[in-house]
Amino acid sequence: MAKATTVKEALTKWEVVADTLEELWISYNLLEKLKGIQFMKKLRVLYMSNNLVKEWGEFVRLADLPCLADLVFVGNPLEEKHSAEGTWMDEASKRLPNLKKLDGTPVIKQEEDEGEDEN
C-alpha cells in the first residue's frame, strides 16, 4: 500500500516543478515554513491564506520569486498581527516590491521622490 503524501512533505520537493509552475494554491494547509519556494522562479500567483506563517523571516523568502505578482496571505498569524496594527499592506509590499495585488487588493506604489522637487 502506498503511503499518502502530506502537503508539508510535498512542499519539500518543490524543485521538481520549479521551472514550470506559475500558480500555486495552498491555502488551509497549516504551513509555517516556506523553505524551498525560492526555486519557483516562474511563480506568478500564490494563494496561501489561512496557514500558520508568523515570521517575516519566512515571508521574505517570497522576495526570491521575481515573477510573483498576486499573493493571498490573509489568515496567517503574520498578516493578522500587522493588519490589526494597520501596517500589513505597507510592510508586506515593502518586502515584496514586485507585487501587483495583495490579498485581493491592488498594491499602489508611492513614488519615492514624490514631493521632493516641490521646493
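Q: Hi! What is the strand order in the open sheet?
A: The order is E1-E2-E3-E4-E5, in an open sheet of 5 strands with mixed pairing. Strands here are DSSP runs (E, at least two residues), and helices are runs of H or I with at least four residues, both numbered from the N terminus. Two strands pair if DSSP finds at least two bridges between them.

Q: And which strands stand at the edges?
A: E1 and strand E5 (105-106), each with a single partner strand, so one side of each has no neighbour in the sheet.

Q: Before I go on, what kind of model is this?
A: It is a predicted model, where local features need pLDDT of at least 70, side-chain atom pairs count only at pLDDT 80 or more, and totals for chains, interfaces and linings use all residues. Residues are numbered from 1 along each chain as its sequence is written, and side-chain values use heavy atoms, with hydrogens and water left out.

Q: Thanks. How many bridges join E1 to E2?
A: There are 3 bridges, and the two strands run parallel. One of the bridge pairs links Leu-24 with Leu-46 in E2.

Q: What about the pattern along the whole chain?
A: The chain reads α-β-β-α-β-α-α-β-β, with 4 helices and 5 strands.

Q: Switching to backbone angles: what is the phi of Tyr-28?
A: Tyr-28 has a positive phi of about 60°, although it is not a glycine. Tyr-28 lies in the loop between strand E1 (23-25) and strand E2 (45-47).

Q: Is Tyr-28 buried or exposed?
A: Exposed, because its relative accessibility is 62%. The cut-offs are under 20% relative accessible area for buried and over 50% for exposed, with partly exposed in between (1.4 Å probe, protein chains only).

Q: Where is Asn-50, then?
A: Asn-50 is in the loop between E2 and helix H2 (56-59). Asn-50 also has a positive phi, about 55°, without being a glycine, and at 27% relative accessible area it is partly exposed.

Q: And Asn-51, buried or exposed?
A: Asn-51 is buried, with a relative accessible area of 2%. Asn-51 too sits in the loop between E2 and H2.

Q: Which residues does Asn-51 touch?
A: Leaving out residues up to four places away in sequence, its contacts include Ile-26, Tyr-28, Leu-31, Gly-75 and Pro-77. Contact means heavy atoms within 4.5 Å.

Q: What lies 3.0 Å from the side chain of Asn-51?
A: The backbone oxygen of Ile-26 lies 3.0 Å from a polar atom of that side chain.

Note on methods
A polar contact is a pair of N or O atoms within 3.5 Å; within protein, one must be able to donate a hydrogen and the other to accept it, and residues adjacent in sequence count only if both atoms are side-chain atoms.
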